[in-house]
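Reader: I'm new to reading structures. Could you walk me through this one?

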Amino acid sequence: VQLQASGGGLVQAGGSLRLSCAASGNIFRISKMGWYRQAPGKQRDLVAVITSGSSTTYADSVKGRFTISRDNAENTWFLQMSSLKPEDTAVYYCNANIKTSVYYAQDYWGKGTQVTVSS
């Protein structure tokens, strides 16, 4: 199984970006999809998660500005980021809990995509 993230880049404060993550390989079912971020010198933190039932959870710092969504048919999920702030600058990683069979599931990570917000 591989996760490929895309959509990062450089944007001015107040701007928007949309991240995408596509999962490929031996996928039976994806139960949970998410985005995490890691700024230089800091730990990797949860940004947003969406479950198979489309229940969402957001970090307090992004509520009202970021929206996570998923396309189950394409094993793809997205993070729409609006009203970006310099403190949103980080490497963004996609994550998913994926079943490769009825009996086995594990977490997978994408390689990360850089988001830089200039002031």
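This is a predicted model: local features need pLDDT of at least 70, side-chain atom pairs count only at pLDDT 80 or more; totals for chains, interfaces and linings use all residues.

Reader: In β8, what is the bridge partner of R70?

Author: Residues are numbered from 1 along each chain as its sequence is written, and side-chain values use heavy atoms, with hydrogens and water left out. Strands here are DSSP runs of E, at least two residues long, numbered from the N terminus, and two of them pair if DSSP finds at least two bridges between them. β7 and β8 run antiparallel, joined by six bridges, and in β8 the partner of R70 is W77.

Reader: Which residue in the hairpin of β7 and β8 takes a positive phi?

Author: That hairpin has four residues between the strands. The one with a positive phi, near 50°, is N75.

Reader: Why is β8 largely enclosed by the rest of the structure?

Author: Buried means under 20% relative accessible area, with a 1.4 Å probe and protein chains only. β8 is largely enclosed because, of its six residues, the number buried is five.

Reader: What order do the four strands of the open sheet have?

Author: The pairing is antiparallel. The edge strands, each pairing on one side only, are β1 (2-6) and β7 (66-71). The order is β1-β3-β8-β7.

How values were computed
Buried means under 20% relative accessible area, exposed over 50%, partly exposed in between (1.4 Å probe, protein chains only).
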